[in-house]
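The sequence and structure are shown first.

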Amino acid sequence: MIDSFILFKGTNVLKIKALDKEEDPITYELGADAQGRFKINSLTGQITANVVLDREVNQTANTFKICCFCTRFPIPKPREFNNHGAWV
């Protein structure tokens, strides 16, 4: 458990990677529940802090959904998730 933890704006937080069986390109997107606290590079999957996050100031968990899309075929841009984790 980390007691004192600050992430400055622009700090790399996590990098995700999805694989497609046919090796088609993948793009990444954060769900609306990220609320601007994080941003993602849609091509590389690199997630960075978009604001200063100080564990001592705000002790709530920063949880959000990450979506991966196969970009072989155009897909409509989703707006947000419903309560069951599905795009609406």
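## Overall composition

The chain contains 7 strands and 0 helices. Read from the N terminus, its elements follow the order β-β-β-β-β-β-β. The model is a predicted one.

Of the 88 residues in the chain, 25% are buried. Among contacts between residues at least 6 apart in sequence, 61% join residues at least 24 apart.

An open sheet is formed by 3 strands in the order 2-5-4, with antiparallel pairing. Strand 2 (12-15) and strand 4 (38-40) are its edge strands, each pairing on one side only. From one strand to the next, the twist averages 25°. Strands of a sheet pair through backbone hydrogen bonds, in either the parallel or the antiparallel sense.

Strand 4 and strand 5 (residues 46-49) run antiparallel and are joined by 3 bridges. Within this pairing, Lys-39 has Thr-48 of strand 5 as its bridge partner. Thr-48 has a relative accessibility of 11% and therefore counts as buried, the limit being under 20%. Beyond its neighbours within four places in sequence, Thr-48 is in contact with Gly-10, Thr-11, Asn-12, Val-13, Arg-37, Phe-38 and Lys-39.

## Strands 3 and 7

Strand 3 (residues 26-30) pairs with strand 7 in the antiparallel sense, over 5 bridges. One of the residues involved is Thr-27, whose bridge partner in strand 7 is Phe-69.

In a regular strand, the side chains alternate between the two faces of the sheet. Strand 7 (residues 66-70) has a covered face made up of Cys-67 and Phe-69, whereas Ile-66, Cys-68 and Cys-70 belong to the uncovered face. On that uncovered face, Cys-68 is partly exposed at a relative accessible area of 40%, and Cys-70 is likewise partly exposed at 29%.

## Cysteines

How many disulfides does a search of the whole structure find? The search returns 0. Cys-68 is accordingly in no disulfide; the nearest cysteine sulfur belongs to Cys-67 and is 7.3 Å away. A disulfide would require the two sulfur atoms to be within 2.5 Å.

## The aromatic pair

The ring centres of Phe-38 and Phe-64 are 4.8 Å apart and their planes meet at 35°, so the pair is tilted. Phe-38 belongs to strand 4, while Phe-64 lies in the loop between strand 6 (53-54) and strand 7; the pair therefore ties together parts that are 26 residues apart in sequence.

The two partners can also be described by their accessibility. Phe-38 is buried, with a relative accessible area of 8%. Phe-64, at 21% relative accessibility, counts as partly exposed, because burial requires a value under 20%.

In soluble globular proteins, nonpolar side chains tend to be buried together. Here the largest nonpolar core comprises 11 residues: Leu-7, Ile-16, Ile-26, Tyr-28, Leu-30, Ala-34, Phe-38, Ile-40, Ile-47, Ala-49 and Leu-53. Strand 3, strand 4 and strand 5 are the elements that give two or more residues to this core. Strand 3 provides the largest share, with 3 residues.

Phe-38 links several of these topics. This residue is a member of the core, a partner in the aromatic pair, and one of the residues in contact with Thr-48.

Methods. Residues are numbered from 1 along each chain as its sequence is written. This is a predicted model: local features need pLDDT of at least 70, side-chain atom pairs count only at pLDDT 80 or more; totals for chains, interfaces and linings use all residues. Side-chain values use heavy atoms; hydrogens and water are left out. Two strands pair if DSSP finds at least two bridges between them. Helices (H or I, at least four residues) and strands (E, at least two) are DSSP runs, numbered from the N terminus. Axes are lines fitted to C-alpha atoms, for helices over the stretch in contact, and angles run from 0 to 180 degrees between N-to-C directions. Buried means under 20% relative accessible area, exposed over 50%, partly exposed in between (1.4 Å probe, protein chains only). Contact means heavy atoms within 4.5 Å. Rings of Phe, Tyr and Trp (its six-membered ring) pair if their centres lie within 6.5 Å; planes under 30 degrees apart count as stacked, over 60 as edge-to-face and the rest as tilted. A nonpolar core is a set of buried Ala, Val, Leu, Ile, Met, Phe, Trp, Tyr and Cys residues joined through side-chain atoms within 4.5 Å.
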